[in-house]
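Subject: Structure handover and notes

Hello,

Here is the structure you asked about. My notes follow below it.

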Amino acid sequence: MDHLTSLPARTTYDTIVIGGGPAGLQAALTLGRMHRDVLLLDSGRYRNGTVEHAHNYATHDGIAPAELRRLARADLAAYDTVEVREVAADRVEPDGDGFVVTIGDSTERAATVVLATGVRDALPDVPGLAEAWGKEVAHCPFCHGHELARGRVALDVEGPHLDRLTAMLTRIGAELVPVGGRVQRVERIGGGLDLTLDDSTIHVDGMFVAPSFSQSAPFAEQLGLDLNDSGCVRVDAFQSTSVAGVFAAGDAAHHRDLPMPMSSILTSQAAGLVAGGACVQHLLTREASAVAQR
Ligand SMILES: Cc1cc2nc3c(=O)[nH]c(=O)nc-3n(C[C@H](O)[C@H](O)[C@H](O)COP(=O)(O)OP(=O)(O)OC[C@H]3O[C@@H](n4cnc5c(N)ncnc54)[C@H](O)[C@@H]3O)c2cc1C
């Protein structure tokens, strides 16, 4: 029995991808195309879950993010070695020369892991704001600025954020209304917003805010991964983390040269593709070394 327990744990999957947003879906596609056994876990909580139209994505400008995920899932269905499960992972830990992922009462093993779990936004605590988030309220002018051209736009931001947004949105031709910290209630009405301020109500077509964000999942902490000052996982140009065999992509991770993730669908997909390719390279190296040791 002793010699059995000292054997390396059996590895079921080549890769477990945690996250079914743009980064994870693309990583799974890249791995599936190399006929790697992949398990993709998706807890169904997407950063852009409330967004009706996503922009700044050539060939799909204005597409609903949910439709994009549907199309990506349909692409994955063509690859026999890719399995998708709609569940949340709870824990990731090293296990022999691979990793074990705990999902509720069960566990799955893999040689490599891709963390594509994204980040979570902490919105200002204003009644009605969450209902408008991703619709009339946004944080990124690249994603949602053009639609407000010539509109009346409230800016609930202060300091350098306010200067930057003002410069970008002025160019777009919006009428800007700085309201930093004064909004007490938000109501979606007539395709725009009624904002209750200290002593008045104003109507605007949209509003920008600057939420803080944090990791959606505890896996970076569980694995002791190096982080950037932003709180995101530090990765190199191949999306490798500080733990061999663990890759990270999308909003959850970025290179040390960047101050924060360059959050977008396209950059997340690109990072997922690189992470998938890097997993394949890691697996090939590992398999060649196993053959050499025989
Ligand atoms: C309001 C808003 C509007 C935006 N508009 C645009 C736009 O117009 N154009 C654009 O390009 N970008 C836009 N973005 C940015 C874009 O949505 C993100 O950059 C992108 O979604 C990041 O992709 P991701 O795969 O890293 O993370 P996400 O899309 O957030 O996906 C994370 C995945 O991880 C899963 N997950 C997390 N924890 C677990 C767990 N424990 N177990 C299993 N699964 C888990 C989640 O369920 C989800 O499937 C917008 C963002 C916001 C907030």
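What share of the residues in the protein is buried? Of the 294 residues, buried ones make up 38%. Please keep in mind while reading that this is a predicted model.

Overall layout

The C-alpha trace spans about 75 × 35 × 35 Å along its principal axes. Eight helices and 18 strands make up the secondary structure. Among contacts with a separation of 6 or more, 63% are between residues 24 or more positions apart.

The domain assignment gives domain 1 (2-120 + 212-293) and domain 2 (124-209). Their centres, taken over C-alpha atoms, are separated by 34 Å. Seven residues of domain 1 are in contact with seven residues of domain 2. On the domain 1 side of that contact, the residues divide into two nonpolar, four polar and one charged.

The ligand shell

There are 41 residues around the ligand, and those that come nearest are Gly19, Gly21, Gly118, Cys143 and Gly250. Sorted by class, the shell has 19 nonpolar, 17 polar and five charged residues. Domain 1 and domain 2 each contribute at least three residues to the shell. As for helices, α2 (22-33) and α8 (265-293) each supply at least two shell residues.

Strand β6 and its partners

Strand β6 (residues 106-115) pairs with β1 (residues 13-18) in the parallel sense, over five bridges. Within that pairing, Ile16 stands opposite Val113 of β6.

Strand β5 (residues 98-103) is also joined to β6 by five bridges, but here the strands run antiparallel. Val101 has Glu108 in β6 as its bridge partner. The hairpin of β5 and β6 has two residues between the strands, and Gly104 in this hairpin takes a positive phi near 60°.

A further partner of β6 is β17, with three bridges in the parallel sense. Here Leu115 stands opposite Ala248 in β17.

Ala252

Ala252 sits in the loop between β17 (246-248) and β18 (253-255). Is Ala252 buried or exposed? Ala252 is buried, because 30 other C-beta atoms lie within 10 Å and the cut-off for a buried residue is 20 or more.

Leaving aside residues up to four places away in sequence, Ala252 touches Leu115, Ala116, Thr117, Gly118, Val119, Gln215, Cys232 and Val233. Two of these names have come up already: Leu115 is the residue opposite Ala248, and Gly118 is among the residues that come nearest to the ligand. Ala252 and Ser263 are eleven residues apart in sequence, and their C-alpha atoms are 9.3 Å apart in space.

A three-stranded sheet

Three strands form an open sheet in the order β11-β12-β13, with antiparallel pairing. Its edge strands are β11 (185-189) and β13 (201-204), each of which pairs on one side only. From one strand to the next, the twist averages 25°.

Strand β12 (residues 192-196) is joined to β13 by four bridges, and the two run antiparallel. Thr196 stands opposite Thr201 in β13.

Two loop residues with positive phi

Which loop holds Thr59? Thr59 lies between β2 (38-41) and α3 (65-76). Its phi is near 85°, a positive value in a residue other than glycine. Thr59 counts as exposed because it has 6 C-beta neighbours inside 10 Å, where the cut-off for exposed is 12 or fewer.

Arg150 is another such case, with phi near 65°, again positive in a residue other than glycine. The loop that holds Arg150 runs between α5 (141-144) and β9 (152-156). Arg150 is exposed too, because 10 other C-beta atoms lie within 10 Å.

In brief

The ligand shell draws on both domain 1 and domain 2. Strand β6 pairs with β1, with β5 and with β17. Ala252 is a buried loop residue, whereas Thr59 and Arg150 are exposed.

Regards

Note on methods: Residues are numbered from 1 along each chain as its sequence is written. This is a predicted model: local features need pLDDT of at least 70, side-chain atom pairs count only at pLDDT 80 or more; totals for chains, interfaces and linings use all residues. A residue is near a molecule or strand if its C-beta atom, placed from the backbone, lies within 6 Å of it. Ala, Val, Leu, Ile, Met, Phe, Trp, Tyr, Cys and Pro count as nonpolar, Asp, Glu, Lys and Arg as charged, and the others, Gly among them, as polar. Domain bounds come from an automatic or database domain assignment. Two residues are in contact if their C-beta atoms, placed from the backbone, lie within 7 Å. Two strands pair if DSSP finds at least two bridges between them. Axes are lines fitted to C-alpha atoms, for helices over the stretch in contact, and angles run from 0 to 180 degrees between N-to-C directions.
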